[in-house]
Amino acid sequence: MESMVGIKDVARQAGVSVGTVSNVINRPDLVSEETRTRVQSVINKLGYIRSESARQLRAGASRIVALLVLDMGNPFFVDVAKGAERAARQSGLGVMVCNSAQSTSEEVEYLSLFAEQRVRGVLVTPADPTGRSLDALRRQRIPYVLVDRVSADAAACSVSVDDVVGGRLAAQHLIAAGHTSLVYVGGPRDLPQVRDRRAGALAALQEAGLPPEALTEISADRLDVSAGRDAGARLLGLAPRPTAVFCANDLLALGVLQAVFAARISVPEQMAIVGYDDIEFAAAAAVPLTSVRQPAVAMGRLAAEMLMEETSGDSEAHEHRQVVLQPELVVRGSSLTPR
């Protein structure tokens, strides 16, 4: 196997010192145009790529930000990553995106890896509701920002959406359409987002003078389309059959929609459906899906900006902030017909 081309190989072939090659790469303004052109030609010819780990040791700071999300199969987190990547690139940083798959053990492994690699900082949507998995970052004093989650102890920055308000918006919409009982298709109950969206729906029922029993909950162990189809099959077995369904995210709602269509039940005439996140596929569904929109791209951008603010200046003077964004109801065909 051929050995990796090093900076000494470039210097030897270009007939210059190692320091000159380093200046061409890092401080080109210090090198004459003729020398710069000759060295760059050799770099291109040999295929030299500088060692980022060596550069990091010299500079004392990584140019990599890590982003750990719950599910990269969910377009919501893809949009979060887009926002984070755009902000990081504007500051000359790269983003490494990893997926915990809602697994606490995988989350711990990734966070330990980030600590070992001394990344500049971490953007994370925790799978572990206790927050203990973040200990690896705390021990190494690696800054992190919680995304789609509020920091409970104000020991870190966070960017989230008010999911209680979002759940209330969804339920208020269905109640205003004449539905007096709702089904909430939720995900894993240890996820704060799932609990908060349910709490908002219950608040809307109370405001409308309806009892808590007017909300029937069907829990799913995942937040994906397959789990939504399973939940749809279960809700079709309820008696009386529900006329309104609020789902904890759009993937669940799309799965419910598939199950309902397979049973030849018309939407929204016989069953109204509301999702959450307003992913791109929501508007493109067979019946365009009403959804509570989260500003996912803005969330990722703000989280990355706060992380860079903490890591690029005087960290001792940095003040942690908990930014809470507001959701918005986007009404489409899946819930438009009043009862």
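The model is predicted, so local features need pLDDT of at least 70, side-chain atom pairs count only at pLDDT 80 or more, and totals for chains, interfaces and linings use all residues. Residues are numbered from 1 along each chain as its sequence is written, and side-chain values use heavy atoms, with hydrogens and water left out. Helices (H or I, at least four residues) and strands (E, at least two) are DSSP runs, numbered from the N terminus.

**Helix α1 and helix α3**

- Helix α1 (residues 7–14) packs against helix α3 (residues 33–46) at an angle of about 125°, and their axes are 9 Å apart. Axes are lines fitted to C-alpha atoms, for helices over the stretch in contact, and angles run from 0 to 180 degrees between N-to-C directions.
- α1 and α3 are therefore oblique to each other. Angles under 35 degrees count as roughly parallel, over 145 as roughly antiparallel, 65 to 115 as roughly perpendicular and the rest as oblique.
- α1 and α3 cross in a right-handed way. A crossing is right-handed if the near helix is turned clockwise from the far one by less than a right angle, and left-handed if anticlockwise.
- In α1, Asp9, Val10, Gln13 and Ala14 are in contact with Arg38, Val39, Val42, Ile43, Lys45 and Leu46 in α3. Contact means heavy atoms within 4.5 Å.
- The contact of α1 with α3 has six nonpolar, one polar and three charged residues. Ala, Val, Leu, Ile, Met, Phe, Trp, Tyr, Cys and Pro count as nonpolar, Asp, Glu, Lys and Arg as charged, and the others, Gly among them, as polar.

**Helix α8 and helix α9**

- Helix α8 (residues 163–176) and helix α9 (residues 192–207) cross at roughly 45°, and their axes come within 6 Å. That angle makes α8 oblique to α9.
- The crossing of α8 and α9 is right-handed.
- The α8 side of the contact includes Asp163, Val164 and Gly167, and the α9 side includes Gln193, Asp196 and Arg197.
- By class, the contact of α8 with α9 has seven nonpolar, four polar and five charged residues.

**Salt bridges**

- The count comes to 14 salt bridges. A salt bridge is a side-chain nitrogen of Lys or Arg within 4 Å of a carboxyl oxygen of Asp or Glu.
- Arg189 and Glu217 form a salt bridge, at 3.9 Å from N to O. Arg189 lies in the loop between β6 (182–186) and α9 and Glu217 in strand β7 (residues 215–219), so the pair ties together parts 28 residues apart in sequence.
- Arg189 is exposed, at 54% relative accessible area, while Glu217 is partly exposed, at 24%. Buried means under 20% relative accessible area, exposed over 50%, and partly exposed in between (1.4 Å probe, protein chains only).
- Asp221 and Arg222 form a salt bridge at 2.9 Å, N to O. Asp221 is exposed, at 56%, and Arg222 is partly exposed, at 31%.
- In the salt bridge of Glu309 with Arg321, the closest N and O atoms are 3.8 Å apart. Glu309 is in helix α13 (residues 296–312) and Arg321 in the loop between α13 and β11 (322–325), twelve residues apart.
- Glu309 is partly exposed, at 43%, and Arg321 is partly exposed, at 38%.
- A network of salt bridges links Asp278, Arg293, Glu328 and Arg332.

**Arg264**

- Arg264 sits in the loop between α11 (250–262) and β9 (272–277), and is exposed, at 76% relative accessible area.
- Arg264 and Thr311 are 47 residues apart along the chain, and their C-alpha atoms are separated by 55 Å.
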